Every structure is written in structure tokens, then in C-alpha cells.
Amino acid sequence: MEAEKIHILRKAEEFARSVHENDASGHDWWHVKRVSRLARMLAVFEGANAFLCELASLLHDVADEKLNDSKEAAIGRLEAWMAQAGVDRDDRAHILSIIANMSYAGGTGAGMTTLEGKIVQDADRLDALGAIGIARTFAYSGWKGQKIYDPSIMPRDHMTRDEYRKGESTAINHFDEKLLKLKDLMNTDAARLLAEGRHQGMQYFRKAFDNEWELGNEAYLRESPLFRGKVSCVHVAFDTSTAGSLRISLRSRPDELVIVLDGNLMVGPLPDAERLYESFAERIRWYEERYNGLTADEWKLIQLEAAIRWEVWPEQLTAVPCFIWAGDSAKELLGLRRLLSHLPGHPELYHVNATEVLHQRNPDIRYKNTGEITPCELQKVLDLPDGIMRLSVEDQERYRQDWFRLLGENGTLRILQNGELITVPESYYDEEILKAVYRVEARFGHFRKSARVVGEVIGSAEIDTGDSFIEYRVRHLINEGALVYEGSLDAMRNYSVSLVDSGNPDQQSESHHRLAGIVKLRTLLGELAEINLRERSIIEQLKGINWRDLDLGLPNMPADYADKGMPALLQQLILTQQPHDRNRVELIEKLVQVMQTMMESEEK
């Protein structure tokens, strides 16, 4: 760049700094400097006049009408400065044209006609986006005396230039009124690409603001920055996985809100609305005493956030149609019952059992819970005529009373059995754990990672408690002497387990010694029965083979290969297999009797 132009740019910096140095509206000197740097880089990649882009950027806010009492006087001052600084006449005219059309002005601003104008406008708009854009928004709102947010002040969709400048608004409304529209208004490809990430950052911020506004807010539906006045119905999920899939499947229905009322009600003392403080403390204590992996404060935070949502959401749901997603899962059906204990006589309440609906459509598929179902499949459920069931007043009351029954049982583990929710001891899944340990061959001194055992339990049985509960029971079985371990018990990934050798009674308690024996016997019995059935099937298939047909077209085969040789060998195999089969069946029957005796003794 020529020395004269460099000199003009340095003088422009000094002039702009003198104008903006004490600005507190977000249009300070550092805003001007950032825009000039961005414009200079964009000019390089877009093939524009870099000098004009940088100079116009440095001067772009000097005559901004929102920063000056008289726009005309400000323009006059700018024209005089450029003439005195030695800016070429044509360049002065170009820069004034750019500045005159820079403003967003509520979306009414004229478009730029030159590449340099487009670049300067893009650079200015990029500085209105992202983290810096958010900071500038609140600085400007404070400077104008606007509120951060007021639910009674709605965002404005269409405004004149004067309404945009002088009308009542808030900092948060400015996101809808201008900032989130800028990405699609970029003039150049380079700016458009740079705007994408900043745009997403602003969306994340607005969502975070909305989430914090929700916390503890019993009037959230009326006050939400994102959803106020827009919600036609609410979908209730009982875990984040289900909620995430629902939000994807409902993208074409922006007026339908998905909320999460979580907190795994399968395990731990149940929350009691009549004694909230005490039951919350009991639940926290139960988790702290049993679960690994998180600190006490982390467990408390999880339970606290869930408890707050349960406190503030039910009352709001009475004002809108409500769809409760509860499949054939103890966790979800407990959530359904708890929610209905807070909703007396809701006029438009619907139950969506997606796991049952999809199982009826395809009996080969059985989902443990709604969270396992893809968004595409959930969409099918919504579209099916029998996918949604309206809950009558009688249905609601039945579920409500069932919640009070479970609450009164004062248990810490609940399961779904034959369609009914029942309370069982915490040891209910211990046998499944020992069977899983045996299946992964963690025995005779061979150890397997605890995480593998937990995965085997969850994957092979209809268990929906979550990994942490099963891992807690693994540690309990270690403490009881049914399992031995190596490593550190501070986290699931840090230790391995093995079944205690049944010949070493010092390593396990008598009850768990018996339990380990029963598990081992059951597993061996099952393996023996499978071998027996498999051999019978193979023999029958061998009988059906036509050996003569197999011999056709095969040269150089032994003379005894055809009819005479193979059937004779097969017959000999069958004759020797039959007494072996009878002995095995007799052994299986004996084992069944022994196992029954052991189980009856264990129950006593």
C-alpha cells in the first residue's frame, strides 16, 4: 500500500479514537478497530480495495445517527475531516455512500451497491454476532436505559426506521429483532462462513438464558423468551434421551414444547410432595451412600434440578393439552403416576405408550423404554390413529392412587412385572449379576472388568435401572463375599471381578455361597440342554441328506464315499449317540431336582 494511503489510515485511526474513546454504548474505539481489521481481511479474500474497506470501517460510526444529536452535522464534520486528510474526492464520495447505507435500521436499510460497501457492512455485522455481539447488545441496552428482559414486552416483527430506533424493547428481544437475522444478510461468502459459528453461539446463549429463566419459574410458559405465546401443547418425557428424540421428530411443529421431568424413580426413596424437604434429603443420602462415579455435590445437583422441575411444571401443564410419553418401562410409568398425583382432573391429558404401539406393529421388536426409540419411529407413533390414548378422569385417578400405594410401601427399588409396578428388595437383581459374571467367564481366578459385567446384566435382561444401580450391587456382592475383585472400587472402570471359588468358604457368606452355587448350576443346566437340543437337530439334518446326489459330478472320490459308506457311518453315529443322549437327559433331570432343592432351601 502506498505511503500516502498508510498515512491517511493512521490519521483516520486517531480521528476515530478521539470520537469513540469514551463511548459506553458498544460502539467504542475497540469496536471500530475490530471492524477495520475484519474488513481488511475480508477485502483480501474477496478481491476488494483494501484501503477503501479499512478507511470506511474506521469512519463508519462517526456519523451514526443513534450516536449523534444531528446526523447532518456529523456528516459535515466527517466530510471536512476527509478533505483535510487528503482523501481523494471519488473515495470520499464512495465512503459517504457506504456509511449512509450501513445501518440495519430495523431491516429497512438499503442494500450496498459496491463490493467495498458489502465488505464493510459484513465486518460491522460480524462484530454484532457471537460473544462480542452479546456483550455489545447488553452494553447498548444499558446505555439506552432498556431492560435486560421483560415478558410483557414482545419482540417486534416489522418496524419503521423510527420505530426501530425509539420503540420500547429489551436486550433479549434484540436477538429476535435483529441479531439472529444477520447471518442470512451477509453479502460475501467469507463473511457468511464466519457468521455461522457466531450465530450458533448466540443461539446457545439465548437457550441458556431461557433455561435459567425456567428454573423455579411457575409461570415459565407465559414468560419464556423462546416460547411465550407460542405453545399449543406440551410433550412430557421422563429422560433426556426421549426428550432429545422427540424434539427432532417435532421439528416441523415449533408450537409443541418438549419438557423433561427426570429423576430415576425406579431406585431410591420416592419423593413425597407432603414432606418434600425430608424425602429430598433421604433421596440424596441414599444416592451418596450407594453410588460411585460422582461427588456428593454432583449427585445433589442432579437431584436438585430434577426436584425443582417437578415442583414448578405440573401446575403449568393444566393450562395446555399435555402428552405424556410413558412406555412399558418402570421408570416411565412411575413418572406418569407421579405427574398425575400433581394434576387433578386435567381436561386434555394423553398417554403415549410408544414401546407397546411399535411392538404391536412388529412383534419381533421390544424396546425397554421410549429413550431407545429413534425420532423416525416416534414420528410414526404420532401419526398412527391408535398411537395416542386420552386419559379419562377415572384413568387419572387410578394412576394417582397407584402412586400413593407405591409411596406408602416405602421401598427403594421398583420394577415392572406382568404389567404392574411392584416394590422389591434392593437385592432383586443380585442373581442376574452373578449369572452375568459366570457368563463372561469371570471365575476360577479369571477376572473381568466390572463395566463389562454391568453391560452384560443390562443387555441380557429387561433391566432399566441404569448402570449405577447395578454397579452398586456388584460392590455389595463383593462386600458380602460372593465376588472377589482386583483394582480400586472408586469407579466402575477401575476394578475387575470374579466369582468366589465355591470350594473356599472363607471368601463368602453362607447365603451368597448358596446363591453362587445356584447360579452356576442354572447356567450349566442351560448349557447342557442347549447342547442336547443342538445335537438332535444336527442328527435330523444329517438323516435328510441324499448321499447319492452329493456324489454326482465329483471325480476321484473314495469307493466307499457313496451309498454304502456314509449312511453306514451315520447309522453308527446315531447308535452311539442314543445312549449318550439318554444319559444326558437323565443327568439334566437330576440336576433340575438338585437345583429345585437348593432354591427351596435358599428361600427358607
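Mentor: Let's start with strand β3 (residues 322-325), which pairs with β4 in the parallel sense over four bridges; two strands count as paired if DSSP finds at least two bridges between them. Strands here are DSSP runs of E with at least two residues, helices are runs of H or I with at least four, and both are numbered from the N terminus. Before going on, note that this is a predicted model, where local features need pLDDT of at least 70, side-chain atom pairs count only at pLDDT 80 or more, and totals for chains, interfaces and linings use all residues. Residues are numbered from 1 along each chain as its sequence is written, and side-chain values use heavy atoms, with hydrogens and water left out.

Back to the pair: C322 has L349 of β4 as its bridge partner. From β4 (residues 349-352), L349 and H351 point one way while Y350 and V352 point the other, and all are buried. Buried means under 20% relative accessible area, exposed over 50%, and partly exposed in between (1.4 Å probe, protein chains only).

For contrast, look at the open sheet of three strands, ordered β8-β10-β9 with antiparallel pairing. Its edge strands are β8 (448-449) and β9 (483-487), each pairing on one side only. Two bridges hold the antiparallel pairing of β8 with β10 (residues 495-499), and K449 sits opposite S496 in β10.

Now over to the helices. In α13 (residues 276-290) you'll find S279, which counts as buried because its relative accessible area is 1%. A polar atom of the S279 side chain lies 3.2 Å from the backbone oxygen of L276. Setting aside neighbours within four places in sequence, S279 is in contact with L270, P271 and D272, where contact means heavy atoms within 4.5 Å.

There are 33 salt bridges in the whole structure, each one a side-chain nitrogen of Lys or Arg within 4 Å of a carboxyl oxygen of Asp or Glu. One of them joins R290 and E289 (3.4 Å, N to O): R290 is buried at 19% relative accessible area, whereas E289 is exposed at 57%. Another links E397 to R400, with the closest N and O atoms 2.4 Å apart. Those two are three residues apart in helix α18 (residues 393-409), so about one helical turn separates them. R400 is buried at 10%, while E397 is partly exposed at 33%.

R439 and E456 also form a salt bridge, their closest N and O atoms being 2.8 Å apart. R439 belongs to α19 (residues 430-439) and E456 to α20 (residues 450-460), so this pair ties together parts that are 17 residues apart in sequence. R439 is partly exposed at 34%, as is E456 at 26%. Elsewhere, salt bridges with shared partners join R10, E13, K33, R40 and E54 into one network.

To zoom out, the protein has 24 helices and ten strands, and 47% of its 604 residues count as buried. Of the contacts with a separation of 6 or more, 65% are between residues 24 or more positions apart.

Conventions: Polar contact = N/O pair within 3.5 Å; in protein donor to acceptor, adjacent residues only side chain to side chain.
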